[in-house]
Amino acid sequence: MKVLVLGAGVIGTTSAYFLAKQGHDVTVIDRQNSVAMETSHSNAGQLSYAFSSPWASPGLSLSLIKWALTGNSPLVINPNISIKTAKFMYRMFKNCNPTSYEMNKGRMLRVANYSQKCLLELEKEIDIHYEQRKQGSLQLFWSSKELEKVKHDISILEKFNIQYERLDVNGCIQVEPGLQHVKNKLAGGMRFKNDYTGNCYLFTNEIYKKCLEIGVKFEFNTHIESILLEKNKVSAIKTNKGELTSDSYSISLGSHSSKILANIGIDIPVYPVKGYSITLPVLEDKDAPQSTIMDDKNKIGITRLGDNIRVAGTAHLTDFNENLREKSLQSLKDGLNKIFPYAYKECNDIKFWTGFRPSTPDGTPIIGPTPYSNLYLNTGHGTFGWTMSVGSGKLLASLISGIESEISMEGIDMSRYNYANKTSLNYA
Ligand SMILES: Cc1cc2nc3c(=O)[nH]c(=O)nc-3n(C[C@H](O)[C@H](O)[C@H](O)COP(=O)(O)OP(=O)(O)OC[C@H]3O[C@@H](n4cnc5c(N)ncnc54)[C@H](O)[C@@H]3O)c2cc1C
């Protein structure tokens, strides 16, 4: 079967790989001149299988008030807020209750765990290098109150069989020796020893090369303008280079998925939550992070990628405004300084980047069919698209091939938003 994959981020590229492995004739289209040039380019590099959770949590409203009072908020909302932003926030707040949080986290963990299994299988199958490290991740706590708060999360982790270790301050320093300089400020940590780290841009490029080897075609510099329909099917994709036709079509346009789908009456709540990252060279190995450190209080993640440190954070609700915000640059530098005071030096080598997390209000991606019989979705991965990429690619490919998926698809497709009744979706 001919399949057209729209979007060559980490999600589209992994989808293309699995589709081709399952025997399809695959073409990927993207407006950029290469793969992973948008959100998949410089993310935090965390393969946070255990930590996959929605932003919409019961404590979010309280955190917002606290952040507003301290004036140092990781969530930034533009004062002239658009209807789209207001709608996204409203839907997100509707998910900030214990029942929704547990349900959403469960769904996210299901896709994330499956993704880890698929990545390990993939690494056995092909030789790929993407600055990967398998040294776990560490969530830091700065007060006994924070340690107490994590108890609810623990019950969910246990429910989903996620392995974790509670560490005291010395335990944290043992796994991340660079933390010794903040020993007196730390309260402890939680370690997820099965989490990984890796460079999403390098990974996507490695998969791209494998895709070429197995016959996938890539049409770069091709701008998708609209989806054309005939009866209840997609008949073609209109691009700046003309119309492209196929048997099946898969949408992995990241944050840009909703706009293109809205034109054919599919309303999915994928919103661009802007984030920022800085990348800077390691000065001294002993003072630098070895793996991933998550500072949930300040909502930043710090990751070791080869000879570099990547720091990422901020959720900026400003639609598709691509400006680099100086205040976020400063807060990422401050965040790194607070945790690894000797890892950072003001230098010209700091790369400042921004990207749009394709976020859903419930945190869960949207993978599955649509009411159009040959159109599929693989989008809305938000903060964890890199973590969930390999599993999502395989789920999408299985769906198109009519192979039963290896995990339950409950709550993963678009029917959870009630825009489409499950029976109207085209499950093969
Ligand atoms: C600051 C930050 C930190 C993050 N950290 C992590 C992390 O540590 N771990 C993790 O798991 N995830 C992380 N994420 C999230 C992760 O990066 C994303 O979920 C993931 O990259 C989304 O991949 P994608 O392929 O869906 O989107 P993209 O990578 O954005 O790909 C979409 C593609 O569609 C193309 N496209 C869009 N519109 C058109 C059009 N009209 N015509 C043609 N082509 C088009 C684009 O060019 C692009 O190549 C982070 C994100 C940010 C912003």
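Trainee: Is cysteine 200 buried or exposed in this model?

Mentor: This is a predicted model, so keep that in mind as we go. The general idea is that a residue counts as buried when its relative accessible area is under 20%. Cysteine 200 has a relative accessible area of 2%, so it is buried. Cysteine 96 counts as buried too, because its relative accessibility is 13%.

Trainee: And how many disulfides does the structure hold?

Mentor: A disulfide is a covalent bond between the sulfur atoms of two cysteines. Here the structure holds zero disulfides. For cysteine 200, the nearest cysteine sulfur belongs to cysteine 211 and sits 14 Å away, whereas a disulfide needs the two sulfurs within 2.5 Å.

Trainee: Okay, on to the nonpolar core. Which residues have the most contacts inside the largest one?

Mentor: Leu122 and Phe203, in a core of 49 residues. The elements giving two or more residues to this core are β1 (2-6), α1 (10-21), β2 (25-29), α4 (98-125), α8 (200-213) and α11 (385-401). The top contributor is α11, with eight residues.

Trainee: Where does this core lie relative to the domains?

Mentor: Between domain 1 (2-41 + 202-270 + 363-424) and domain 2 (53-195 + 271-359), because both give residues to it. There's also another core apart from it, with 29 residues, including Tyr276, Ile339, Ala343 and Phe352.

Trainee: Back to phenylalanine 203: what is it in contact with, leaving aside neighbours within four places in sequence?

Mentor: Val10, Thr14, Leu119, Leu122, Ile128, Tyr130, Trp386 and Val390.

Key: Residues are numbered from 1 along each chain as its sequence is written. This is a predicted model: local features need pLDDT of at least 70, side-chain atom pairs count only at pLDDT 80 or more; totals for chains, interfaces and linings use all residues. Side-chain values use heavy atoms; hydrogens and water are left out. A nonpolar core is a set of buried Ala, Val, Leu, Ile, Met, Phe, Trp, Tyr and Cys residues joined through side-chain atoms within 4.5 Å. Buried means under 20% relative accessible area, exposed over 50%, partly exposed in between (1.4 Å probe, protein chains only). Helices (H or I, at least four residues) and strands (E, at least two) are DSSP runs, numbered from the N terminus. Domain bounds come from an automatic or database domain assignment. Contact means heavy atoms within 4.5 Å.
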